[in-house]
Amino acid sequence: MNAPTSRLREEPGPCRQLPGPPASQIVRASLAISLLVLTPVAFASTITVNSTADTMADDGACTFREAITAANTNTASGAMMGECAAGEASPTVDTIAFNISGGGVHTIHVVGGSEGGSDVPFLVDPVTIDGFTQPGSQPNTNVTGALDAMPTIELDGSGSFHCLVVFNGGTTTIRGLVINGCHAESIDLESGSTTFIEGNFIGTDVTGNVAKTFGGAPGLVMFVQNGGLTFTAGGTMPDARNLISGNGGDAIRVAANLNSSISATIQGNLIGTDRTGTAALSNFKGVTSGGAGSDNLILTIGGSTTGAGNVISGNIDAGIELGHFSANSVVQGNLIGTAVDRTSALGNGGAGITADYGPLTIGGTMPGEANVVAYNGGTGVDATSLLTGIFIGGNSIFSNGGLGIDTAAAQSVPVLAAGVFPGGTGVAGTLDSTPSATFRVEVFANDACDRPATARGRCSSAPTTRSRRTAADTPASR
Ligand SMILES: [Ca+2]
Ligand SMILES: [Ca+2]
């Protein structure tokens with residue numbers, strides 16, 4: 001026979017929205033950032049693109065290609081008025097700004113390698129490329145939910161292989177661009193780089209509602225060998241959020257080989273939806289990682305602060321796929337399979353999350369840490385190749401095609417003997433497992449019956465409690 005678990009308190013009613021930080025904290029954060037902006041900094045050269053052409057000529061126009069060259073080589077693109085100014089040498093970070101005459105969207109078509117030309121040069125000197133400097137552009141202002149950004153600089157990569165390649169040891173920021181059509185990566189990060197990718201539409205047209213990609217080309221990608229890099233895609237401030245959707249390959253692929261180290265922070269983005277976050281605009285997979293040898297890939301996907309969570313929904317295959325050597329990665333506060341309203345179904349075609357290397361943290365018990373993992377075609381959280389070292393807790397996991405959570409551990413699920421819902425009086429049940437061990441038991445409620453064999457739960461109780469067995473208990477059967 002089995003010993004009874006502790007009685008567990010259950011609160012009735014719909015899922016509660018977990019609170020974000022107090023407004024006072026947000027004000028302080030904004031103030032701190034304002035002070036940072038006002039702090040005097042070394043003068044950085046601003047190079048202003050004023051043409052959509054893709055030429056290199058002393059013709060009185062500063063093209064995007066010329067601007068990258070001017071930032072890289074720290075020389076002006078020509079003598080005529082209107083040519084690109086010279087950049088400055090690192091550690092100064094040049095800014096490539098835009099002031100192209102006329103209203104509306106300005107499309108820069110690069111005659112790159114796939115059209116017999118050459119892709120724009122690698123970014124070999126640290127630089128900030130800021131599409132929001134173009135008059136008429138607007139960064140997003142919504143902390144969560146739909147994106148209301150109005151980007152007006154479109155980098156049409158349909159004639160290119162790689163659209164942008166970051167290949168320098170300083171800090172590079174790519175901001176406010178629409179990047180689409182590239183035959184290979186939209187943005188490729190190389191070893192040694194530190195990159196911020198903010199406020200871009202990657203894989204869509206300027207509306208953010210229509211895919212504009214080439215074949216299986218991915219969005220943001222790196223493959224590092226014997227090196228390392230750091231990147232941040234998005235952030236908790238509204239203007240940092242990206243739309244990475246419609247890519248035939250993965251939206252973000254974190255890949256390394258041989259003694260490499262990557263630190264990836266991915267926050268506040270819409271990955272696999274349109275700009276409203278209410279309709280699918282599929283990538284192949286959302287976020288993937290994988291390494292070999294003695295790599296150390298640490299991904300922080302989402303977070304507990306307001307605006308940190310991503311929407312990773314509507315993708316053809318998995319939402320998140322954490323592969324080998326992704327130890328100490330954290331997945332918190334994301335919507336994986338739902339629309340931005342947290343409840344409408346978009347799904348991902350495969351699992352919500354797969355993980356095969358630990359330790360990992362998926363969810364958490366503090367406010368804002370839980371993920372919603374729902375409506376995915378496969379398992380909610382698939383850790384079937386991971387025996388130990390994974391914490392999966394506090395998440396709202398429901399309506400997935402497979403099990404809610406599937407692990408390799410030979411751990412049976414608790415069996416509820418009684419429950420009173422709604423009303424919040426409690427539940428009782430049994431857990432058939434290892435004697436003299438402490439288990440954490442989380443109790444969830446669903447507002448509608450789900451398939452009983454798939455062990456899932458939508459609304460977490462509060463508080464979750466621990467259940468302790470003693471040596472006097474009947475030994476577990478497995
Ligand atoms: Ca020129
Ligand atoms: Ca420079």
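Student: What makes the largest nonpolar core a "nonpolar core", and which residues touch the most other members?

Tutor: The name goes to a set of buried Ala, Val, Leu, Ile, Met, Phe, Trp, Tyr and Cys residues joined through C-beta atoms within 7 Å. Here the largest such set holds 97 residues, and Ala 67, Ile 179, Leu 220, Ile 320 and Ile 353 touch the most other members. Helix 2 (residues 64-73) gives the most to this core, namely five residues. Domain 1 (41-123) and domain 2 (138-411) each supply at least three residues to the core; the domain bounds come from an automatic or database domain assignment.

By the way, this is a predicted model: local features need pLDDT of at least 70, side-chain atom pairs count only at pLDDT 80 or more, and totals for chains, interfaces and linings use all residues. Residues are numbered from 1 along each chain as its sequence is written, while chains are lettered from A and ligands numbered from 1 in the order in which they are written.

Student: What does Ala 67 touch, and what makes that a contact?

Tutor: Two residues are in contact if their C-beta atoms, placed from the backbone, lie within 7 Å. By that rule Ala 67 touches Ile 47, Val 49, Cys 62, Cys 84 and Ile 96, leaving aside residues up to four places away in sequence. Across the protein, take contacts between residues at least 6 apart in sequence: 73% of them join residues at least 24 apart.

Student: What makes strands 12 and 15 a pair?

Tutor: Strands pair if DSSP finds at least two bridges between them. Strand 12 (residues 220-225) and strand 15 (residues 252-257) run parallel and are joined by six bridges, so they pass the test of at least two. Met 222 stands opposite Val 254 in strand 15. Both strands belong to an open sheet of nine, ordered 6-9-12-15-18-21-24-27-30, with parallel pairing.

Student: Why are strands 6 and 30 said to stand at the edges?

Tutor: Strand 6 (164-166) and strand 30 (405-407) each have a single partner strand, so one side of each is left without a neighbour in the sheet.

Student: Which strands form the open sheet of 11?

Tutor: Its order is 1-2-4-7-10-13-16-19-22-25-28, with parallel pairing. Strand 1 (46-49) and strand 28 stand at the edges, each with a single partner strand. The twist averages 10° from one strand to the next; angles run from 0 to 180 degrees between N-to-C directions, and axes are lines fitted to C-alpha atoms, for helices over the stretch in contact. Helix 2 packs on this sheet, touching strand 1, strand 2 and strand 4, and its direction makes about 165° with that of strand 1. Inside the sheet, four bridges join strand 25 to strand 28 (residues 390-393), with Ile 362 opposite Ile 392.

Student: What makes Asn 74 worth a look?

Tutor: Most residues other than glycine have a negative phi, and most peptide bonds are trans. Asn 74 is not a glycine, yet has a positive phi of about 60°. Asn 74 has 16 C-beta neighbours inside 10 Å, so it counts as partly exposed. Its loop, between helix 2 and strand 2, also holds Pro 91, and the peptide bond from Ser 90 to Pro 91 is cis, with omega near 20°. Another cis peptide bond joins Gly 358 and Pro 359, with omega about 0°.

Key:
Helix = DSSP H or I, 4+ residues; strand = E, 2+ residues; numbered from the N terminus. Buried ≥ 20, exposed ≤ 12 C-beta atoms within 10 Å, placed from the backbone.
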